[in-house]
Amino acid sequence: MARKLIVKRSKKAGADPGTLIHIGRPSDLSPTIRVIRYDRDGLSDQCIDDPAQYVAAPCADQVTWWHVDGVHRPDLVEALGQKLQLHPLVMEDILNTDQRPKVEDYEGYLYIVFRMLRYDPDSQQTDSEQLSLVLSQQFVLSMQEYPGSVFDGVRKRLINVHKQRLMRTDALVYALIDAAVDHYFVALEQIGDQIEHLEDELLARPTPATLSRIHHFKREMLMLRKSVWPLREVLGRLWRDENPLISAETRLFLRDVFDHSVHIMDTIDTLRELLASMLDIYQSSVSIHLNEVMKMLTLIATLFMPLTFIAGVYGMNFAFMPELSWPWAYPAVLVLMLAIALGLVAFFWKRHWL
Amino acid sequence: MARKLIVKRSKKAGADPGTLIHIGRPSDLSPTIRVIRYDRDGLSDQCIDDPAQYVAAPCADQVTWWHVDGVHRPDLVEALGQKLQLHPLVMEDILNTDQRPKVEDYEGYLYIVFRMLRYDPDSQQTDSEQLSLVLSQQFVLSMQEYPGSVFDGVRKRLINVHKQRLMRTDALVYALIDAAVDHYFVALEQIGDQIEHLEDELLARPTPATLSRIHHFKREMLMLRKSVWPLREVLGRLWRDENPLISAETRLFLRDVFDHSVHIMDTIDTLRELLASMLDIYQSSVSIHLNEVMKMLTLIATLFMPLTFIAGVYGMNFAFMPELSWPWAYPAVLVLMLAIALGLVAFFWKRHWL
Amino acid sequence: MARKLIVKRSKKAGADPGTLIHIGRPSDLSPTIRVIRYDRDGLSDQCIDDPAQYVAAPCADQVTWWHVDGVHRPDLVEALGQKLQLHPLVMEDILNTDQRPKVEDYEGYLYIVFRMLRYDPDSQQTDSEQLSLVLSQQFVLSMQEYPGSVFDGVRKRLINVHKQRLMRTDALVYALIDAAVDHYFVALEQIGDQIEHLEDELLARPTPATLSRIHHFKREMLMLRKSVWPLREVLGRLWRDENPLISAETRLFLRDVFDHSVHIMDTIDTLRELLASMLDIYQSSVSIHLNEVMKMLTLIATLFMPLTFIAGVYGMNFAFMPELSWPWAYPAVLVLMLAIALGLVAFFWKRHWL
Amino acid sequence: MARKLIVKRSKKAGADPGTLIHIGRPSDLSPTIRVIRYDRDGLSDQCIDDPAQYVAAPCADQVTWWHVDGVHRPDLVEALGQKLQLHPLVMEDILNTDQRPKVEDYEGYLYIVFRMLRYDPDSQQTDSEQLSLVLSQQFVLSMQEYPGSVFDGVRKRLINVHKQRLMRTDALVYALIDAAVDHYFVALEQIGDQIEHLEDELLARPTPATLSRIHHFKREMLMLRKSVWPLREVLGRLWRDENPLISAETRLFLRDVFDHSVHIMDTIDTLRELLASMLDIYQSSVSIHLNEVMKMLTLIATLFMPLTFIAGVYGMNFAFMPELSWPWAYPAVLVLMLAIALGLVAFFWKRHWL
Amino acid sequence: MARKLIVKRSKKAGADPGTLIHIGRPSDLSPTIRVIRYDRDGLSDQCIDDPAQYVAAPCADQVTWWHVDGVHRPDLVEALGQKLQLHPLVMEDILNTDQRPKVEDYEGYLYIVFRMLRYDPDSQQTDSEQLSLVLSQQFVLSMQEYPGSVFDGVRKRLINVHKQRLMRTDALVYALIDAAVDHYFVALEQIGDQIEHLEDELLARPTPATLSRIHHFKREMLMLRKSVWPLREVLGRLWRDENPLISAETRLFLRDVFDHSVHIMDTIDTLRELLASMLDIYQSSVSIHLNEVMKMLTLIATLFMPLTFIAGVYGMNFAFMPELSWPWAYPAVLVLMLAIALGLVAFFWKRHWL
């Protein structure tokens, strides 16, 4: 039921480094490749099947954005990689969808890989997929695992407005990263809402289901942290390292996304500590409840055991039990029992057990 | 009931970076803009509605302090930003009131953002609001979310005394930061008092309510820590980085506020560890109490079960039970019961159960 | 039963540093030495007994790969060390199979030592063995403790393909490291599967055996972490330090293996935290179960103690108990008992104990 | 009862920075100012009331040591500060006795502030007070909150021996710091003794009082840590920074005190971890005790419930119970009861419950 | 019983820094001073009483090794210090046997101090003593607290072999450090064995004694960690800092000992975490056992309480209880009781309580 913690990459063990094997969930969908070329004068947008056959006259000041949905076909990735002259290690990393977020500096281009997040409110789980970005002077390549609408906003802006800023590839990459990181906030908000809801439930009426839900969210936080921690490093390096591919202006904006990632990390850590505290509360609640139950039991036992004993004594069948024949003995014993019961109740009252 | 851990910023997801959208609690109050201009010779203080229409002859050695209460109107922030020639990212950050404390270096000015704290003794919660400061050679801009009296002291000093120190913008910014940080101490003192009160209650008589109050304060500490930790970095950078906007004299004073923030952080950490220790104590108290209750139950059961059994034996209706007809059997059984009871009490005494 | 945490190296205490003593599990197998020489034109592969007697004309551009299975014979290691002119400390470290992973820079060669991992699904334990690598301009020496098939893939590639990349010793060393590190993923996947299986078992039906299995995996993680943490440092140094023995091209590939080791470390930490969370869940489950059991006991006792008491009262043998002779008394008492029982059940229902 | 965690400094909030307000426990004692001047030829020692009126011919090679007991009178501190030309921030920090330990570099002098420790064996609490030191080329100023004998040893050495080393102000400051730090060891030893005593008590016979004492010492450790951690930084900076006021020879001695502070920190951390371990032991002890109690209860209940049931059966009043009239039935039932009891005891024995 | 956590050094408080006072366990043994002089041609070995009277012609290329057993006589240490021209602080540190491990650079010599370890299998405690080493160009001084055989191996090597390496003082110091550090492994192995033994006991049959033994080893680990952590720093500095007293060749060997210390630290941390995990297991075991006990109790009570109640009902003495006179009522009630008992057993079976 639970998502796999560890993606199977064992099929790669023993293979020649550089062998292109897809690691990740297999998919039936056919990958789509979309090529958007634009400059100050206009934009062309087309879907292609075979990257090798795509020919376009190179043109200064023109930005080409290759966007691929679906990376499960090694042949396609290889064709694309050869078209764009990517290093074999980059192609390997694109196919291996269990990559740790990182940024790598190759000659003439930067390879950026990190995870995009999506929170599914029904299963209350966060799904993530790998986003690979290649930034060069002339083109941007973005590859995601599944079709999705995260970058629709960016595409629309390219069509509608002739923003001067997006005329550079680094600005386009920034826009893509920013769109992806914004979705972290959406996921975190929904998880945060769920956790606060759980917290209210915990303080009002904890049940065993509360426990497994706390565990569920702790697990989610572990997964999120594993994605966000290295993302922070990636964005930090993009902002700080003076790479000629990234202009000073874009660097200012990347600092802003970097701040967002730090903020996300802070929030994850806060939620983690909150969940740890909630577990403590849960365990204490269970103990308190046990205490109450046991107090109840002790009260009942302490009240009725002496009384039952007295009744038992006068139920004995000895021949010579003078009390038995005294006429006021029965009411006297009843009164004695009542007195004992009241005395015990008073004792419990004094000990604050009632 | 509990304050929201995570401010909704999802409405921003997908928006063009640089779009000005207010993120935070909506407010009905109309923002007020106050412009104070002063130099060694005098001071003018006026409230304005539209920053675009405010015209004032620039004048060397004159300091202009723009102070805004309320940042929920994007149009106003934009007008002000254009008036003062602020970068779009700064305007965006001013409107996004869930900003992580930071200091950012722009050409010609510094942008400082952190949270101001207020402890509400009734709800026993700390409220915080975002304070944005812009420091340039000629003016200081301060924007807070809600009207408040934190900076009244600074304003009074401007009117009454012609302090040479406040003649520089950096000194004015320092005065504002110092006033805001001083309120952290006020909040911490009140929380500290509450926690010590809770500690006394815990050691004297813990109740389930104690537990949820410990949790409440742990949560408060998580929130505080999230605000103060980056504030420390902000003040550290202001003090250490040699920025031409900040004089060496002011830097000495900023080192002092920085020390305050370290002190606040230490106190928060100490309170956190104290709360963790209190939770341990609470859990042990619950266990100790359970032990006492169970000891009581065991005592009672161990005392009366054998006695009731003996009574039961002599309540059996067998025809041939010779003891039943012996005249001294009844007193003998009573004495036996007493002996057993005394023996058990002695046993418990020896085991330190009484 | 459990593997030894600490390898006995006490027999070395007091010995002259540089004395060659084997530390590790003794072995009956006779070590095998395999020498593979290859260049662009072809490859020779032979097994030898005595390294001292092996003579081969040195030849530029030819790579010699010495591979040894079994390091438990100090004489052999010494002969090999003298043949290849290794420092006495290197020979000592090869023999001491409890070495912390490290990379050491000697004149003319690099000494790299780390652990290879193998997960045994039957005993559910990870076995590890020490791999020593020596990289010089002309030769590569690899020594592992036990025979194994980890490097078969590398050997096959040497035979089949005349890869230009493997023509350098650094590329061969990279291929060996990569093959060894890939096996970490295989081991981790199997452990991860086991842990997720255990997690499902924990949430569905925890037993005391679950507890000792959680402990078992925590212990495994401790051992793994002890191997992987320094491995990360080793790979980081290999990639970052500009050593003339390692070309820039190979460095790119080493960065990739380094990323793998970071990823492995992240996964180990995630599994550790998951196990910690599972233990918390386990402890809470035990408490919840205790609560249920006690609630059951309390219900039963609270229900029957008063009833038994009433029965006891009317079992007393007093002569004057007028109720006894009333004809409707018996049914009345039965009705009273029923009423009490129903009342208690209603009480429990209201308290959510049923 | 418990000492205040947080010193009230709220009365300062809103005040002009630089305003001199005393923060700390008010005191009735009148502060004393003692001025000791000495050179190689002799020493003068006098108590004065008003620093402003003290006039002394400046004299090369003469060291002046101003020592003040009591800092609760702002006017006095101000007079002294003006006499010695101290920065307003230094005066403010001297008056604010809740200062975090620090060393600050002003023009011409160093300001050092940290806490002195005193362990009160009666209340088993550590008291601390703030020590402010000012080191310049000509004079040393030391200000402590309460009168005490910590520096008597230093004063005696000045009188008795004409130590060449103390002829410099930096050597005098070192002597004062060394005397103060030595008292940390005294306090730690006494606390350590108490904790080891508590540990013996815990292992022998834990009581609820043990718990609150563990909490008490954890709290003490929190307070100590808060004082010692920054003290270490202070001493580290004094030793490492090459300040012209401190000679190389004195620096060697300061390194020694620095080592002491690291040692103190190590000891505090060790004690903290020991206390954490003691709390674990305590909680386990409580659980073990509960187990014993419950085992006792279960034994008794399991033993007597079946027996009482059998007795109950033969106490029933059915007309046709043939066993009742068999002559050997009574002894047979007694034997049956014995057999059941022995069988249960054997069962418990086998389960190691006895 | 337990070893003192904190060595009494309070007698030093208030003393003049530089006063020579022995801090540590007093000893009755008379210290022995052994002077070994050797060069390539031969070796002289003699025990002396008064270092001041020892005269030996200085001789190039000759190494003098002063070794002292017992440092409890301040006069002796002072005499030796003056003979070898040591700084007063060094003499003070030699006498203060509660020193934190450190290496200090004085003019012309290095002062190294750390702790030697010995594990006593009878008391299952590690004893430690302070080892002070002074390394100069001409001589080596080693001072340990108690007589011991740790350095016998080094001495033998000096006599038997004319190793070229030991002809330098730095090589001799390395040999001494290596011999001392090797004994850490011996101690750790024995503790590790004990802990694994305890782990087996824990999983098989935990007793309260197991708990106090876990605590005992946690305490041991705290003490060891306090010694080893700074030792690592010491060895790291000896290896890394380019000190003219230590040759490049010896530095290689020191790197090897440094690696050992890191390995020791790793092992201590692993053992610490293992002990923490064992404590968790212990606490869970106690809870599981409690659960079993309580289940037993609940089973018994649930089984017999209803039956006893039924027996009680028919033991009532009402005149009109028609069932009593029905001939088949008694067997019917017995059958009813059996049915109830079987039903409850089935219920427990279904709930997996049996």
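**A first walk through the model**

Author: Over residues 296–316 of chain A the chain is 86% helix and 0% strand, with the end C-alpha atoms 30 Å apart; helices (H or I, at least four residues) and strands (E, at least two) are DSSP runs, numbered from the N terminus. This is a predicted model, in which local features need pLDDT of at least 70, side-chain atom pairs count only at pLDDT 80 or more, and totals for chains, interfaces and linings use all residues. Residues are numbered from 1 along each chain as its sequence is written, chains are lettered from A and ligands numbered from 1 in the order in which they are written, and side-chain values use heavy atoms, with hydrogens and water left out.

Reader: Where does UniProt place the "transmembrane region" feature in chain A?
Author: The unreviewed UniProt entry puts it at residues 296–316 and 328–349 of chain A; the positions are given in the numbering used here, feature names are shortened, and annotations may be inferred rather than shown by experiment.

Reader: And how much helix is there in residues 328–349 of chain A?
Author: That span is 95% helix and 0% strand, and its end C-alpha atoms lie 31 Å apart.

Reader: What about chain A as a whole, how many helices and strands?
Author: Chain A has seven helices and seven strands, and from the N terminus on they run β-β-β-α-α-β-β-β-β-α-α-α-α-α. The radius of gyration of chain A (taken over C-alpha atoms) is 34 Å, well over the 20 Å that the globule rule (2.2 Å times the number of residues to the power 0.38) gives for 354 residues, so chain A is more spread out than a compact globule.

Reader: Which domains is chain A divided into?
Author: They are domain 1 (18–284) and domain 2 (290–350), with bounds from an automatic or database domain assignment. Their centres, taken over C-alpha atoms, are separated by 74 Å, and the C-alpha atoms of chain A fill a box of roughly 125 × 45 × 30 Å along the principal axes.

Reader: Switching topic, what rotation superposes chain B on chain A?
Author: A rotation of 72° with 0.1 Å of shift along its axis does so, with an RMSD of 0.1 Å; the superposition is by least squares on the C-alpha atoms of residues with pLDDT of at least 70 in both copies. The two copies are thus related as by a five-fold rotation axis.

Reader: Which residue of chain B comes closest to the rotation axis?
Author: Gly315(B) does, with its C-alpha at 4.7 Å.
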